[in-house]
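Here is a short note to read alongside the model. Keep the view open and follow the points in order.

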Amino acid sequence: MTSHAVRDLAARLPPSVETRALQTDIRFVEFFGLPGVGKTTASSLLANGLRRCGPLVGDVRMAWGTRTFIGRQIYRVGIVAPRIKDREFRSLLMRIARFVLESGQSSIADAVRVIWNMWVLVAFVQSERPRQNTIVIMDQGLLQGFWSIFLKSKRRATSEKWVDILSDIGVDDMLFVHLRAETGVARDRLLKRGDQSSRMQRASPGRDLDLWSAADRTCRELTADLEKEMGTEDHVGVLASVDVERLASPEDVAERVLEAVLLACLERHRPCDSADR
């Protein structure tokens, strides 16, 4: 089914149904994949595509907005600090910290960085959830956060499974979009960016291939774990995979992502609608 066909199908839904679909189901679309695969570009193009779909998705927002670096840090502290007094939130933070420490990060700095990143992501999700009729697009989310933890971990044996932490954060209203690409494609695209924003770009030449191999293996393992969990538990989110070929343009990838997101919204709507009736 083409994206045009999906939009035609969505257009036939009554406005009241369209609004209710995302109020009760998918509220977050989170991208996941290798560095350089195009998550940020695809997320921006997806947001534009969803806005063109009208009332099906309601208000579409990009996570973090357009804040400056300093502005982002102030915002992050501002969403984490007020929630510290909440017992359940503190429990999640401590479980994440224990999980990271047990995984054995390469350095204390790495451990602190990934712990703080996960804390911010949990606080962000909780702060956005109360919004009505809104879908939030995240180019870097919870799955990518766990990927960062595992990439340089020394131990995979921990006292708690990562999917249990993810489930308790609450992901029944999330759609995870896995942008799949060969490591060579992602690596070449990342090198063309010319910045040093990813740890993959800062790796020494001697460790470059080993690190990319570990990154790809980690992506596959996380995806397999999530798919396995979805096969045994209810309300653990939706996973959609979109292949990114070497010659595929950002617009081509975004079009396929849009199709996957709209189909997921419609599929999630049907059981809810049946239950309402």
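1. Start with H7 and helix H10 (residues 208-230): their axes come within 10 Å and cross at roughly 130°. That makes H7 oblique to H10. Axes are lines fitted to C-alpha atoms, for helices over the stretch in contact, and angles run from 0 to 180 degrees between N-to-C directions. Angles under 35 degrees count as roughly parallel, over 145 as roughly antiparallel, 65 to 115 as roughly perpendicular, and the rest as oblique. H7 passes H10 in a right-handed crossing. A crossing is left-handed if the near helix is turned anticlockwise from the far one by less than a right angle, and right-handed if clockwise.

2. Before going on, note the ground rules. This is a predicted model, in which local features need pLDDT of at least 70 and side-chain atom pairs count only at pLDDT 80 or more, while totals for chains, interfaces and linings use all residues. Residues are numbered from 1 along each chain as its sequence is written, and side-chain values use heavy atoms, with hydrogens and water left out.

3. Which residues bring H7 and H10 together? From H7 come Leu-143, Phe-146, Trp-147, Phe-150 and Leu-151. From H10 come Leu-211, Ala-214, Ala-215, Thr-218, Cys-219, Leu-222 and Leu-226. Contact means heavy atoms within 4.5 Å. By class, the contact of H7 with H10 has 11 nonpolar residues, one polar and no charged. Ala, Val, Leu, Ile, Met, Phe, Trp, Tyr, Cys and Pro count as nonpolar, Asp, Glu, Lys and Arg as charged, and the others, Gly among them, as polar.

4. Now the wider view. The protein has 11 helices and five strands. Helices (H or I, at least four residues) and strands (E, at least two) are DSSP runs, numbered from the N terminus. The protein has 277 residues, and 50% of them count as buried. Buried means under 20% relative accessible area, exposed over 50%, and partly exposed in between (1.4 Å probe, protein chains only). Among contacts between residues at least 6 apart in sequence, 80% join residues at least 24 apart.

5. Is H7 enclosed or open? In H7, 10 of the 10 residues are buried, so H7 is largely enclosed by the rest of the structure. The buried residues include Gln-144, Gly-145 and Ser-148.

6. Helix H6 (residues 108-128) also packs on H7 (residues 142-151): the axes come within 10 Å and cross at roughly 170°. That makes H6 roughly antiparallel to H7. The crossing of H6 past H7 is left-handed. On the H6 side, the contact uses Val-114, Asn-117, Met-118, Leu-121, Val-122 and Val-125. On the H7 side, it uses Leu-142, Gly-145, Phe-146, Ser-148 and Ile-149. Eight residues of this contact of H6 with H7 are nonpolar, three are polar and none is charged.

7. H6 has another partner. The axes of helix H4 (residues 69-80) and H6 come within 9 Å and cross at roughly 70°. H4 and H6 are therefore roughly perpendicular to each other. H4 passes H6 in a left-handed crossing. Among the residues that meet are Tyr-75 and Arg-76 in H4, and Trp-116, Trp-119 and Glu-128 in H6. The contact of H4 with H6 has nine nonpolar, one polar and two charged residues.

8. Next, look at Lys-154, in the loop between H7 and helix H8 (162-169). Lys-154 counts as exposed, at 61% relative accessibility. Leaving aside neighbours within four places in sequence, Lys-154 is in contact with Ser-103, Gly-104, Gln-105 and Ser-106. Lys-154 and Ser-106 are 48 residues apart along the chain, with their C-alpha atoms separated by 7.4 Å.

9. Leu-175 is in strand S4 (residues 174-180). At 0% relative accessibility, Leu-175 counts as buried. Beyond its neighbours within four places in sequence, its contacts include Ile-26, Val-238 and Ala-264.

10. Finish with Ile-26, in the loop between helix H2 (15-24) and strand S1 (28-33). Ile-26 is buried, with a relative accessible area of 0%. Ile-26 and Ala-264 are 238 residues apart along the chain, and their C-alpha atoms are separated by 8.3 Å.
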